[in-house]
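Open the viewer and keep the sequence panel at hand. This tour takes you from the whole chain down to single residues, one selection at a time.

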Amino acid sequence: MQNEGSNQANNEALSQLLEIMQTLRNPEGGCPWDLKQTFASIVHHTLEEAYEVADCIERDDLNELKGELGDLLFQIVFYAQLAQEQQLFDFNDVVAQLNEKLIRRHPHVFSSQDTPTTDAELAAQWQAIKAQERAAKPQDDSSTLWQDIPNSLPSLTKAKKIQQRVAALGFDWPTYHGAIDKVSEEVEEVKEALAHNPYSAHTAEELGDLLFATVNVARHVKRDPEQLLRSANDKFSARFEKVQNYLIAQGKCIESASLEEMDAAWDAIKKLNK
């Protein structure tokens, strides 16, 4: 009975949310801002809300997470409302397609087939199912191996997805050792390009190759490159703030401090954090 009551409350809350969205988009008495929006105009809001969800999780601020998840859900409801107005689909269609996809992509849970026992087997099954889905889509002359990888993805994430795609086809280093050797090779090529002309297009290309190779190492050790770089950004920012405070405690200003003074403060902070 408790589950039935909870499900009913969830259904009522979701129905109210959909009604609120319809009211906001009602030409008679709706919100002027909401009425002006299109699919394209709210994309950047969606991306912003997704990053705010990620930020809450990475900061372990689970109290704030509920609200951020609600903001992200609102984006989905907004798109569904716009689609319904154009008679394309509605929110129920979105949920129904998601249900079907989840069942299709988890045959080891929802069917009687043998259950994969390792992460590698699960990953192989996942890639095989996604390949079947791509093959089932209508093809045209412009179709490519990458057509379902969005161009708008952050570049590190896109690099990881490209590498996962070719790895599923067997084009991959067997271990991280090959990937890290490739990074070393790319470093040498960057050094050569810098020595010839630091500002050339060739140098820029070699730097891009180095970044791509570094993503491959992260993928091999089961780490998300985008998250790794965000963590590195946060680590550097926090440490440099400590450098600033260290200099202030010595009666110095960060804006006028010399490189030697900042380096000395940096080394002192690193020793304190060990």
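**Before you start.** This is a predicted model, in which local features need pLDDT of at least 70 and side-chain atom pairs count only at pLDDT 80 or more, while totals for chains, interfaces and linings use all residues. Residues are numbered from 1 along each chain as its sequence is written, and side-chain values use heavy atoms, with hydrogens and water left out.

**Stop 1: the whole chain.** Show the protein chain as a cartoon. You will find 12 helices and zero strands; these are DSSP runs numbered from the N terminus, with helices being H or I of at least four residues and strands being E of at least two. The C-alpha trace spans about 65 × 50 × 45 Å along its principal axes. The radius of gyration of the chain is 25 Å, whereas a compact globule of 274 residues would have one near 19 Å. That radius is taken over C-alpha atoms, and the globule rule is 2.2 Å times the number of residues to the power 0.38. Of the 274 residues, 24% are buried (under 20% relative accessible area, with a 1.4 Å probe and protein chains only).

**Stop 2: H9 and H10.** Select residues 176-196 for helix H9 and 201-220 for helix H10. Their axes are 9 Å apart and the packing angle is about 165°. Axes here are lines fitted to C-alpha atoms, for helices over the stretch in contact, and angles run from 0 to 180 degrees between N-to-C directions. H9 is therefore roughly antiparallel to H10 (the label for angles over 145 degrees). Now show the side chains in contact (heavy atoms within 4.5 Å). Among them are Tyr176, Ile180 and Val187 of H9, and Leu207, Leu210 and Val217 of H10. By class, this contact has 12 nonpolar, five polar and five charged residues. Ala, Val, Leu, Ile, Met, Phe, Trp, Tyr, Cys and Pro count as nonpolar, Asp, Glu, Lys and Arg as charged, and the others, Gly among them, as polar.

**Stop 3: H8 and H11.** Next, select helix H8, residues 155-168, together with H11. The two pack at about 150°, with axes 8 Å apart, which means that H8 is roughly antiparallel to H11. Leu156, Thr157 and Lys160 of H8 meet Pro225, Glu226 and Leu229 of H11. These divide into three nonpolar, one polar and two charged residues.

**Stop 4: Met262.** Stay in helix H12 and pick Met262. Not counting residues up to four places away in sequence, Met262 touches Phe240, Val243, Leu247, Ile254 and Ala257. The C-alpha atoms of Met262 and Leu247 are separated by 7.8 Å, and the two residues are 15 apart along the chain.

**Stop 5: Gln37.** Finish in the loop between helix H2 (32-36) and helix H3 (43-58), where Gln37 lies. Is Gln37 buried or exposed? Gln37 is buried, with a relative accessible area of 9%. Show Arg25, Ile42, Phe78 and Leu82 around Gln37: these are the residues it touches, not counting those up to four places away in sequence.

Terms used
Parallel < 35°, antiparallel > 145°, perpendicular 65-115°, else oblique. Buried < 20%, exposed > 50% of the residue type's maximum accessible area, 1.4 Å probe, protein only.
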